[in-house]
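Try each task before you read its solution.

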Amino acid sequence: MKEAIITVRGKTTTIRYMVLDRHGLFYARVTWENGTETFFYKGMYGIKNRWENIGMPDDLIQTVSEIFNKETPVKDHVVNYWKMPPK
């Protein structure tokens, strides 16, 4: 995961993120300083270069979109989120 420091409305926080590609669906998995996770989806509402999540303020979306648009997405199947049970 990569890290970025963002400032929105005078508040600064550090996010850890990974930009992923799941068969053409581009999304970013973000972990905030407090440990919660959020997913942002590219083009969710038809605007190709915006990374959106329902209920997020526009200034935050613009800030993270600038960061995520610079990244090359990793194929989702390469990332191991969970251990597979033994066969």
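**Exercises with solutions**

Arg9 is exposed, with a relative accessible area of 62%. Keep in mind that this is a predicted model.

**Exercise 1.** Find out where Arg9 sits and look at its phi angle.

*Solution.* Start with the place: Arg9 belongs to the loop that links β1 (2-8) and β2 (11-22). Next, take the backbone: phi of Arg9 is near 55°, a positive value in a residue other than glycine. Now set that beside the general rule: most residues other than glycine have a negative phi.

**Exercise 2.** Decide whether His23 is buried or exposed, and locate it.

*Solution.* First, the location: His23 lies in the loop between β2 and β3 (25-31). Second, the test: exposed means over 50% relative accessible area. His23 has 80% relative accessibility, so it counts as exposed.

**Exercise 3.** Which residues make the nonpolar surface patch of about 340 Å²?

*Solution.* The patch is made by Met44, Tyr45 and Ile54. Pick one of them, Ile54: this residue is found in the loop between β5 (51-52) and α1 (58-68). A patch residue needs over 30% relative accessible area. Ile54 has 65%, so it is exposed.

**Exercise 4.** Describe the order of the elements along the protein.

*Solution.* Then read from the N terminus: the order is β-β-β-β-β-α-β. To finish, turn to burial: 37% of the 87 residues count as buried.

Definitions and conventions: Residues numbered from 1 in each chain as written. Predicted model: local features only at pLDDT ≥ 70, side-chain atom pairs only at ≥ 80, totals over all residues. Heavy atoms only, no water. Helix = DSSP H or I, 4+ residues; strand = E, 2+ residues; numbered from the N terminus. Buried < 20%, exposed > 50% of the residue type's maximum accessible area, 1.4 Å probe, protein only. Patch = residues over 30% accessible without salt bridge, like charges linked within 9 Å, V, L, I, M, F, W, Y side chains within 5 Å. Areas by Shrake-Rupley, 256 points an atom, 1.4 Å probe, with all protein chains shown as cover. Salt bridge = Lys/Arg side-chain N within 4 Å of Asp/Glu carboxyl O.
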